[in-house]
Amino acid sequence: MTFYTVKAGDTLHSIAKTFGISYSLIAGYNGIRPPYAPAVGQTLLILYPRRTVTVNDGDTPRTVAQRAGISLRRLYALNPSLSGGDRLFAGQTLVAEYDEPAPEKTIRTNAYAYPFIAEDVLRASLPYFTFSTPFTYGFYPDGTLIPLDDDRIISASYDIGTRPLMHLSTLTENGTFSNELASQLLGNPTARRTLTANVLGTMNVKGYTGLDIDFEFLYDYDAVPYAEFIGELRQALNAEGYTVTAALAPKTSADQPGQLYQGHNYRLIGQNADYVLLMTYEWGYSYGPPMAVAPVNSVRRVLDYAVSEIDPGKIYLGFPNYGYDWTLPYVSGNRRATVIGNDEAIGLAVEKGAEIEYDRQSAAPYFRYCSSGVCHEVWFEDVRSVAEKFELTREYGFYGVGVWNMMRKFTPGWLFAALKYDLFSENE
């Protein structure tokens, strides 16, 4: 595996010649589409197949995977050009193994998806995740669940070999988290029991394998009742073979002020949940100034506090599968930055002739461009930032990585993770 940073004058053909592999392979590994022009400053993932398998007439991805001696999920992950689909042609060459050392670290991966995720994005992304989490089930104060159109994501997950988790939150129809709804539930033991029973019933019917709970912006006086409720859920769900994961705001101290932080007691929730997700992203956000969404120096401060309160083996590191495009000059509250996918950001840099730079302090790429008299600054994630940030799981001894979210493709990032870490053994 090699990272190559594109220089001015480079083409995919010239880069391919340098490394002695097909330009189409480089394009496939990096999500580059016709006319196959890389961006100056873009870091490319260069890989060499070690073992391949040839598609025969009548083959399906499943029969090819069986002949290659690997799982269907692994076949899809190693061959992003398949996009998780079933279109094959006789004579097609697929990779069964790359010329890479065996991964030394096993991590579990989870990613969230709205029910309206595009089918091609869903199927292309699922192979890289141990778990998929349709977002989100809500509830009423009496513990009645608000239904979610999640059947398509659950079905696709099982087709590929990814296990679905149920997501429960206090998100309301207007798109905000309700502290009042949470407080009403937490203060009502009958409603808590009703909600627990409804969650269990839904998980049994739908085929979920665990629960992910996300109550945000809680009142400070609900911190202990919330941790206790997580414990109640865990006791009930563990008895049925399910796990409970709780999302945590990115705190750096126990007494950190602010409504986002006050309702999450790291120590108590860490004791009462099977796993926790640290939501280590959104330093760069839609109404804030241009900066990395997950600057590694800021992320580390959260991780250092988290491991002082929670067993590292219970922790998912949060990772953002998106960036933002800000207009310049930045004026607070003036304009909302536009969300952009990581693969999309590369395409935009190519389109605008922008040179990508890399900020070492935050471990994130960025670039600037001007269009129609308006200048922009874009921060996103690339394979370099994945390498640096996923490595934190090894350094801290974490259980895995939780990705918000899988609504956009990120070909080189996920392919790198699939080769560097063991993402598959638990499902095979």
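User: What volume does the second largest pocket have?

Analyst: Rolling a probe the size of a water molecule over the atoms shows where empty space is left. This is a predicted model, and in this model the second largest pocket has a volume of about 730 Å³. Its lining is made up of 35 residues, and Gly31, Ile32, Arg33, Asp343 and Thr411 lie nearest the centre. The elements that give two or more residues to this lining are α2 (23-30), α5 (119-125), α12 and α14 (411-420). The most comes from α12, with five residues. By class, the lining has 17 nonpolar, twelve polar and six charged residues.

User: How much space lies in the largest pocket, and which residues are the closest to its centre?

Analyst: The largest pocket holds about 1,200 Å³ of space. It is lined by 39 residues, of which Tyr281, Glu282, Tyr322, Tyr324 and Trp404 are the closest to the centre. The largest share is that of α11, with three residues. Sorted by class, the lining has 24 nonpolar, eight polar and seven charged residues.

User: Which residues line the second largest cavity?

Analyst: Among them are Asp325, Trp326, Pro329, Tyr330 and Arg335. About 60 Å³ of space lies in this cavity, and the residues of its lining divide into five nonpolar, two polar and three charged.

User: How should I read the nonpolar cores, and which residues touch the most other members of the largest one?

Analyst: In soluble globular proteins, nonpolar side chains tend to be buried together. Here the largest nonpolar core has 72 residues, and Leu168, Ile213 and Phe215 touch the most other members. Leaving aside residues up to four places away in sequence, the contacts of Leu168 include Tyr137, Phe139, Leu145, Leu195, Ile213 and Phe215. A second, separate core has 50 residues, including Val95, Leu126, Tyr128 and Phe129.

User: What is omega for the peptide bond from Leu328 to Pro329, and is that bond cis or trans?

Analyst: Most residues other than glycine have a negative phi, and most peptide bonds are trans. The bond from Leu328 to Pro329 is cis, with omega near -5°. Pro329 lies in the loop between β15 (323-328) and β16 (338-340), and Pro329 also lines the second largest cavity. The bond from Pro34 to Pro35 is cis too, with omega near 10°. Pro35 is in the loop between α2 and β2 (43-46).

User: Where does Glu282 lie, and what is its phi?

Analyst: Glu282 is in the loop between β13 (275-278) and α11, with a positive phi of about 80° although it is not a glycine. Glu282 is partly exposed, at a relative accessible area of 34%. Tyr36 has a phi near 60°, also positive. Tyr36 is found in the loop between α2 and β2 and counts as partly exposed at 32% relative accessibility.

How values were computed
Residues numbered from 1 in each chain as written. Predicted model: local features only at pLDDT ≥ 70, side-chain atom pairs only at ≥ 80, totals over all residues. Heavy atoms only, no water. 1 Å grid on protein atoms, 1.4 Å probe; cavity = no way out; pocket = protein on both sides within 12 Å on 5 of 7 lines; lining within 4 Å. Points joined across faces, edges and corners; volume = space filled by probe spheres on them. Nonpolar A, V, L, I, M, F, W, Y, C, P; charged D, E, K, R; others polar. Helix = DSSP H or I, 4+ residues; strand = E, 2+ residues; numbered from the N terminus. Core = buried A, V, L, I, M, F, W, Y, C linked by side-chain atoms within 4.5 Å. Buried < 20%, exposed > 50% of the residue type's maximum accessible area, 1.4 Å probe, protein only. Contact = heavy atoms within 4.5 Å.
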